[in-house]
Amino acid sequence: MDSSETPTRAMGKQLIIAEKPSVAGDIARALGGFTRHNNYYESSRYVLSYAVGHLLELSAPEEFDPKRGRWSFRHLPVIPPRFDLAPINGKSAAQLGVLLKLIRRKDVVRLINACDAGREGELIFRYIVQHARDRKPIERLWLQSMTPAAIREGFEQLRSDRQMLPLADAAKCRSEADWLVGINGTRAMTAFNSKEGGFYLTTVGRVQTPTLAILVEREERIRNFTPRDYWEVHARFGAKAGEYAGRWFNPDFRKADDPEKKSERLWRAPEADQVVAACRGKAGKVSEETKPATQLSPLLFDLTSLQRDANSRFGFSAKTTLSLAQALYERHKVLTYPRTDSRALPEDYLGTVKKTLSTLQGTPYSSFAGNILKQGWVRPNKRIFNNAKVSDHFAIIPTLQAPKHLNEMEGKLYDLVVRRFLAVFHPAAEYLQTLRITKVGEHRFKTEGRVLQNPGWLVVYGKSAQEESEGLPPVAQNEAVDVLDVAAVAHQTKPPARYTEATLLSAMEGAGKLVEDDELRAAMEAKGLGTPATRAAIIEGLLQEEYVHRNGKELVPTPKAFSLFFALRHFGVTEITSPELTGDWEFKLKQMEAGGLKREEFMEHIESVTRDLVERIRNGDIPDAAFATVRAPCPKCGGMVQENYRKFQCQKCDFSLWKVLSGREWAPEEIVELFSKHFVGPLTGFRSRAGKPFSAALRLTGEFRLEFDFGRGAPSADEGGAPDFGAQDPVGACPKCGARVFEHGAAYVCEKAVGAGRSCDFRSGKLILQQPIERAQMQKLLTAGRTDLLSGFISRRNGRKFKAFLVARPDGAVNFEFEAKTPRKPRAVGRPSAQEDAAKPMKRRAVSGRAARAKTPAKPRRKAA
């Protein structure tokens, strides 16, 4: 800090801008003398306010940014000479307004950047200042710890703006490069896939596409996997002190390139039979080795490891875990900042940890916390307290605030964090590990066991020595034992498991290991794909764009994902499908942060990459070679239908069907159902020409044209007379006339509402405001008069999701019934409320019969291209 700047500082106030409200509160308490105002603090020397994460995002000037309907190669690449900044909508826009007013105050003569100590924190601050267009001197507060002493010390050692410019350049370059590659790649692939008409949004991105590649490559391995038979030989032995089991192994085995080959596997049945015959009825000699082993507790949580654990234990999605952790941090104030990639604490946090343990007295964790303090287990330990392993933020731990009114899911996550926090200060678990080898002639059998001597940190999770021990009956060295039973057991090799969110998060975090270049791999060592704060959004984006579907806990790539990679590989666009691009960027950005690379040079490189990406897609062409055969005959002539990149094409007649319909790609099982039944749906994920999502069923007409069916109106004329419901079981009784209700196309209809002699008009769509109405729910509606609470309705007015019951009226109308909001009663952490199962008061809103039956685009039927 220049001494010449001191007089300027004395003439007015300094505005401190923190990244989030909690940090602003910590600074106010550490410095003292502040008065709280609405969204900011003020003292005689400082004005103090905060962002709420990113408040602004990049946008191209309008003259360089064609609207979605004009996305074509004529407008690509989009490389604007400058970038504008646009406020991010929502509550952050209001806080941006507060900051702009404070920056423009005449008595504010200097700005202090107190955003997080890292690239993203620098970017948040720089964008706010750029948007304000009010140039004032800047200094930087650089904190690695949030203790009051560390904050006061940081203000005594403020960094100059000149020192921070290389980091600011790297931050802006990363943001602009992501925009250029993501926007141009997405628009180029969308333009290519929309050549035949319609609008087929095909998103790509530096992080999204390599993440999708991880899933696609695993799925390809699963599809191409051929199981192989192998055998194991298992035996039971009788010793003086009891029986034990053993498994044959080859002591001369050496690891090979084939991961399926293991020491205990035999690849031919006769070999296994020979081992069995040689050992049956024989005696063996035992030798064993016992040695102590220890197991340390897992490290403290960062966001990614917390998301992994919550997904494995409770099935929470990464998005759900982040949302819960954010609520526990912001609203309940019982956890520290969750969007962190660090699993260590600052070295000056020993006192804070001891205070935190003291606050856990009188809670279910009291005995563990008290014992840690009593034994003096909080002491300097580089595994826990390590400044070198603290990045912008430290690990997630409980705060000094006691939890109140947590719901069940919040309680589970809080418990997960607290127990990990307690466990890390406990000593290691201690075992006695036993390896027993039983030799029968020339054959050897292995038996392993372990006995827990001291549970250590496992006591925090309720584990005892008895529960965790796998004891063996004792034997003397070289004791003779009898072979009581021996048998060959047949097995088959299994394909690799599909990714869950937990395992995908691990793969994203460790993606740098997949990079072959040593320098790029080193640059990515601490980064991976995405950041802890963005990985959940990346996974949700893949789900939202229909690249991936959830199947239980598994993440399964869709046909749209395989089509994308088929095209990118054909075009030779490989850099965006692997972590290499992120590694290259990180290497160059680290050079920039160190002053070894200029911003202009990096951006010239990015512009060149962007132009090359667009040109390869623009000039690419995919032949119509077939790569699959549909498992159903042509609905028109019965011939074979083959799939290529763009179409399903009959090889015998002129029947064909585009693979992409209104922005949605067919799944193989949907095509089979359509060809077999001439009807499928309702299906979600369609997009109108304006890009708005909608849902519908589809039918093949008598002329083999494809039409949308929105579940309203009479059947098409080509269907003939009344439908035959003889093969169906009725869903229930019509609420209007008492006749039977059946499934018919995209609707549930009264049998007297179809055909020539109609006497009733009851009809309710299988899809209402994009919420599928399953048969079981319609049965409840018809028998009990009300469905369960359904959570997937989407308002046509504002596009927001809402929850409601469907209720049936005697006149046949179907109404929404809304759950009334009632004050939440206090609940102990992790304990479900007994009142939750009681009936809650409802409020009802009548909706028109047409609206309740099916909300659809304006036209009742639209023919597909």
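**Helix α7**

At 1.5 Å a residue, its 17 residues should span 24 Å, and the end C-alpha atoms are 24 Å apart, which agrees; the expected span of a helix is 1.5 Å times one less than its number of residues.

The model I am reading is predicted, so I kept in mind that local features need pLDDT of at least 70 and side-chain atom pairs pLDDT 80 or more, whereas totals for chains, interfaces and linings use all residues. Residues are numbered from 1 along each chain as its sequence is written, and side-chain values use heavy atoms, with hydrogens and water left out.

I then asked how many residues of α7 are buried. The count is 12 of 17, so α7 is mostly covered, where buried means under 20% relative accessible area, exposed over 50% and partly exposed in between, with a 1.4 Å probe and protein chains only. Among the buried residues I noted P210, L212, I214, R218, E219 and I222. The buried residues of α7 pack against α14, α16 (535–544), β16 (548–551), β17 (554–557) and α17 (559–571), a contact being heavy atoms within 4.5 Å.

**T493**

I next looked up T493, which sits in the loop between β15 (480–492) and α14 (501–509). With a relative accessibility of 5%, T493 counts as buried. Not counting residues up to four places away in sequence, T493 touches F225, T226, P227, R228, Y230, E260, R265 and W267. For R228 I also noted that its backbone nitrogen lies 2.9 Å from a polar atom of the side chain of T493.

**Helix α6**

I checked helix α6 (residues 161–193) by its length as well: its 33 residues should span 48 Å at 1.5 Å a residue, and the end C-alpha atoms are 47 Å apart, which agrees. I recorded a bend in α6 of about 30 degrees at L167, the bend being the angle between axes fitted to the seven residues ending there and the seven starting there. Of the 33 residues of α6, 24 are buried, so this helix is largely enclosed by the rest of the structure.

**Helices α9 and α10**

I turned to α9 (residues 303–314) and α10 (residues 318–330), whose axes come within 9 Å and cross at roughly 115 degrees. The axes are lines fitted to C-alpha atoms, for helices over the stretch in contact, with angles from 0 to 180 degrees between N-to-C directions. The contact is made by L303, L306, Q307 and A310 of α9 and by A318, T321, L322 and A325 of α10.

**Loops**

In the loop between α1 (6–11) and β1 (13–18) I found G12. G12 and V108 are 96 residues apart in sequence, yet 5.8 Å apart in space, C-alpha to C-alpha. Leaving aside neighbours within four places in sequence, G12 is in contact with D107 and V109.

I noted that the peptide bond from L76 to P77 is cis, with omega near 0 degrees, and that P77 belongs to the loop between β5 (56–59) and β6 (84–87).

H405 has a positive phi of about 60 degrees although it is not a glycine; H405 lies in the loop between α12 (366–375) and α13 (408–423) and, at 36% relative accessibility, counts as partly exposed.

Note on methods. Helices (H or I, at least four residues) and strands (E, at least two) are DSSP runs, numbered from the N terminus. A polar contact is a pair of N or O atoms within 3.5 Å; within protein, one must be able to donate a hydrogen and the other to accept it, and residues adjacent in sequence count only if both atoms are side-chain atoms.
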